[in-house]
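Subject: Structure for you to look at

Hello,

Here is the structure I promised to pass on. Please open it first, then read my notes below.

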Amino acid sequence: MSDDAPILDASGLHLRFGAVPALDGVALRVWPGEVVAILGESGSGKTSLLRVLSGALAPDAGGVLYRDASGAVLPVLGMGEAALRRLVRTEWGFVHQNPRDGLRLGVSAGGNVGERLMAVGARHYGGIRAAAAEWLRRVEIDPARMDDLPRDFSGGMQQRLQIARTLVTEPRLVFMDEPTGGLDVSVQARLLDLIRALVADLGLAVLLVTHDIAVARLLAHRLVVMRRGRVVEHGLTDRVLDDPQHEYTQLLVSSVLAA
Amino acid sequence: MSGAWALRAEGLAKTFTLHLQGGARLPVLSGVDLSVAPGECVALAGPSGAGKSTLMRCLYGNYGAEGGRILVRHRGEAVDFTAADARLVREVRRETLGHVSQFLRVIPRVPSLDIVAEPLVARGMARDAAREEARALLLRLNMPPALHALPPATFSGGEQQRVNLARGFAPGYPVLLLDEPTASLDAANRDVAVALIREAKAAGAAVVGIFHDADVRDRVADRLFTIEPRQEASRSAA
Amino acid sequence: MSAAAPDAAAGGTLAGYNFAYLDEDTKRMIRRALLKAVAVPGHQVPFGSREMPLPYGWGTGGIQVTASVIGPDDTLKVIDQGADDTTNAVSIRRFFARVAGVRTTERASEATIIQTRHRIPETKLREGQILVYQVPMPEPLFRLEPRVAETRRLHALADYGLMHVKLYEDIARQGEVTISYNYPVMVNGRYLMSPSPIPAFDNPKMDRMPALQLFGAGREKRIYAVPPYTSVRSLDFEDHPFKPPRPAAACALCGSRDSYLDEVVTDDRGGRRFLCSDTDHCAGRRAER
């Protein structure tokens with residue numbers, strides 16, 4: 001049994017929006033370097049879970065603990081806004097479903113990628129530019145387009161730019177909300193491959209929300225299936241998808257259209 | 001069973017509960033006892049539908065078990081694989097337990113060379129060195145260099161199968177599960193596959209295989225393990 | 001409004017008005033804000049800006065600050081874009097003469113309080129002097145982040161990456177930072193501050209100035225301050241350091257080559273002259289010649 005501790009540890013999460021249970025006793029752990037996919041359909045609570053885990057939404061009950069780079073265990077929901085923002089700037093990353101939510105559209109691609117570096121004190125223009133060029137290359141955007149505005153990019157490119165922008169500070173934990181939603185299939189494939197490679201290269205821990213089983217199978221080591229605020233099944237990705245135990249999981253898996 | 005073992009199944013039972021069919025229960029395996037020693041190759045035998053593939057998948061951790069357990073000798077210790085959590089299963093699959101199936105789950109855009117090199121890199125090998133080993137193995141399997149840089153999506157069945165084999169044999173796993181390893185292969189490549197299996201055995205690997213090709217089976221298997229089909233396919237409600 | 005009162009430069013003040021126009025409670029409120037501002041250099045302190053006898057946008061903040069610190073023994077100088085003789089400078093100077101009865105002057109070296117709009121005097125200021133700046137928009141991040149709640153958070157967390165992004169964009173697009181006035185500064189290594197719309201040329205004067213610098217924004221209801229000898233650094237990059245612009249020519253009147261110059265169009269055939277913006281400085285140099 002490995003004895004390294006989880007990077008994120010949530011337990012007893014409850015959240016209601018009026019009469020609707022968004023989270024009904026959810027517990028979840030993520031270890032360093034692993035990709036956990038939260039799979040569910042609309043109304044499953046998966047987005048609420050992501051927001052609670054990242055400190056953007058307070059639950060009615062329960063707690064989330066984060067183990068930072070120094071090994072200190074911090075309560076996500078009690079650490080205070082200053083500490084949380086510092087975390088979001090440095091050790092955490094976010095990839096939003098709509099890249100426009102994660103980019104500054106009026107700032108050049110290079111400026112978008114360099115911003116996190118500048119926010120943590122980088123003050124050498126040439127160095128910032130070089131780092132931005134390197135990351136654009138890594139997400140397969142031509143560095144010559146560094147001074148272009150994101151609004152001149154395609155949706156897939158904007159999403160890759162968002163990924164570069166968030167990974168430039170080499171975070172330890174990345175939250176992704178349907179990162180390939182809304183993209184063309186061929187563009188999705190390229191993006192998924194990129195995410196797969198980057199996650200492996202950087203040893204990132206990723207918490208990924210998706211409704212797409214294929215995305216979960218490709219990217220995730222572990223799968224958490226949610227329905228109506230509850231975790232109905234969880235485990236190794238290929239086990240959950242190939243030998244689903246819960247009725248709902250069996251329904252999901254059997255509903256996938258074959259190519 | 002006594003003596004050295006690398007992989008064991010003890011009283012293994014596997015039953016599927018089909019909730020979408022009113023909770024129908026489909027028992028496939030019950031009371032399977034199997035012990036495989038290092039350097040030994042056990043061929044699973046039995047009629048189609050008897051549960052050979054199911055047993056393979058249980059041994060790999062792809063399927064869970066409803067009864068009994070599976071033990072793997074991992075890092076010198078006996079690990080209860082059926083009770084292992086996801087992280088431990090991944091660790092065992094990374095270091096100890098290899099799997100070659102008939103189907104290559106195709107990841108878009110990744111070149112064959114990197115598909116083969118990936119398990120080596122996951123074990124800590126430098127990417128360049130991993131690619132070198134991958135290249136050598138693919139060449140041995142008669143895959144021309146032109147194909148190494150291509151993703152296998154457009155390959156023929158035989159070509160995909162050779163990528164599968166290379167990926168499964170490159171790391172030198174102590175335990176190997178082979179599910180129809182020579183499907184779609186011509187005679188020359190079947191011979192290479194047989195050689196690879198023999199070399200793995202000689203290196204101390206415990207091998208469990210499903211071989212529909214009797215010739216291949218006879219050349220590599222030390223013994224057969226027969227699975228009898230269930231007498232009744234019970235369709236009682238849960 | 002009471003009967004016409006003596007318009008003396010010294011002595012009698014306007015009857016029916018408190019000394020320096022503001023009531024004492026208001027002065028105390030503003031002084032409390034000033035003390036807070038001085039204690040946290042560069043931090044914007046909200047204050048209860050009063051209605052003043054001139055509209056917002058004409059220096060109500062500066063006037064309220066001056067009114068709160070001025071005493072009968074002070075000597076006041078008021079400049080607008082460096083000049084003592086523009087309409088606004090004259091009006092404000094006369095206002096304080098009438099409501100406070102203080103001595104006024106055009107010589108920076110003789111003033112104890114200097115209220116200014118958009119320039120710092122060329123004359124080096126001393127300990128004991130107070131420079132009061134009129135500020136239209138106190139928030140340096142205003143154009144980059146319009147939400148006030150968000151900018152307050154950014155200041156609280158010293159999260160100033162956004163401003164550096166703006167500088168980065170300038171350099172990427174134009175090869176250099178193109179901010180020519182109201183160039184953002186870092187005060188005491190902690191707060192990002194707007195120096196008010198003074199030309200970037202004047203920024204270096206703020207650094208470790210021996211005089212007390214007070215900033216009043218009446219419409220936006222904010223006060224901030226830089227105590228004497230405080231570090232004020234213009235934002236830049238290590239490899240693109242801040243360089244104050246050099247004057248284009250020499251002053252046509254006094255010959256100065258290192259004061260900020262106004263360009264005056266003299267005819268419709270492209271004729272122009274460059275004159276010192278700081279009238280006191282120019283007059284002083286001419287007197288010496």
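Let me start with chain C. Buried residues make up 46% of its 289 residues. A residue counts as buried if 20 or more other C-beta atoms lie within 10 Å of its own, as exposed if 12 or fewer do, and as partly exposed in between; the C-beta atoms are placed from the backbone.

Two notes on conventions. This is a predicted model, in which local features need pLDDT of at least 70 and side-chain atom pairs count only at pLDDT 80 or more, while totals for chains, interfaces and linings use all residues. Residues are numbered from 1 along each chain as its sequence is written, and chains are lettered from A and ligands numbered from 1 in the order in which they are written.

More on chain C. Its secondary structure comes to seven helices and twelve strands. Helices (H or I, at least four residues) and strands (E, at least two) are DSSP runs, numbered from the N terminus. The C-alpha atoms of chain C fill a box of roughly 60 × 50 × 35 Å along the principal axes. Of the contacts in chain C with a separation of 6 or more, 61% join residues 24 or more positions apart. Two residues are in contact if their C-beta atoms, placed from the backbone, lie within 7 Å.

Now the chains together. Two pairs of chains touch, and chains A and C have the most contacts. Chain B and chain C do not touch; their nearest C-alpha atoms are 34 Å apart. Between chain B and chain A, 16 residues of chain B are in contact with 19 residues of chain A. The chain B side has eight nonpolar, four polar and four charged residues. Here Ala, Val, Leu, Ile, Met, Phe, Trp, Tyr, Cys and Pro count as nonpolar, Asp, Glu, Lys and Arg as charged, and the others, Gly among them, as polar.

Next, the domains of chain B. Domain 1 covers 1–96 + 173–238, and domain 2 covers 106–170. These bounds come from an automatic or database domain assignment. The domain centres, taken over C-alpha atoms, are 24 Å apart. 14 residues of domain 1 are in contact with twelve residues of domain 2. On the domain 1 side, α2 (86–95) and α7 (187–202) of chain B give two or more residues. The largest share, six residues, comes from α7(B).

One residue in chain B is worth a look. B:F225 sits in strand β9 (residues 223–226). B:F225 is partly exposed, because 19 other C-beta atoms lie within 10 Å. Beyond its neighbours within four places in sequence, B:F225 is in contact with B:L34, B:V42, B:L44 and B:A45. B:F225 and B:L34 are 191 residues apart in sequence, yet 7.9 Å apart in space, C-alpha to C-alpha.

Best wishes
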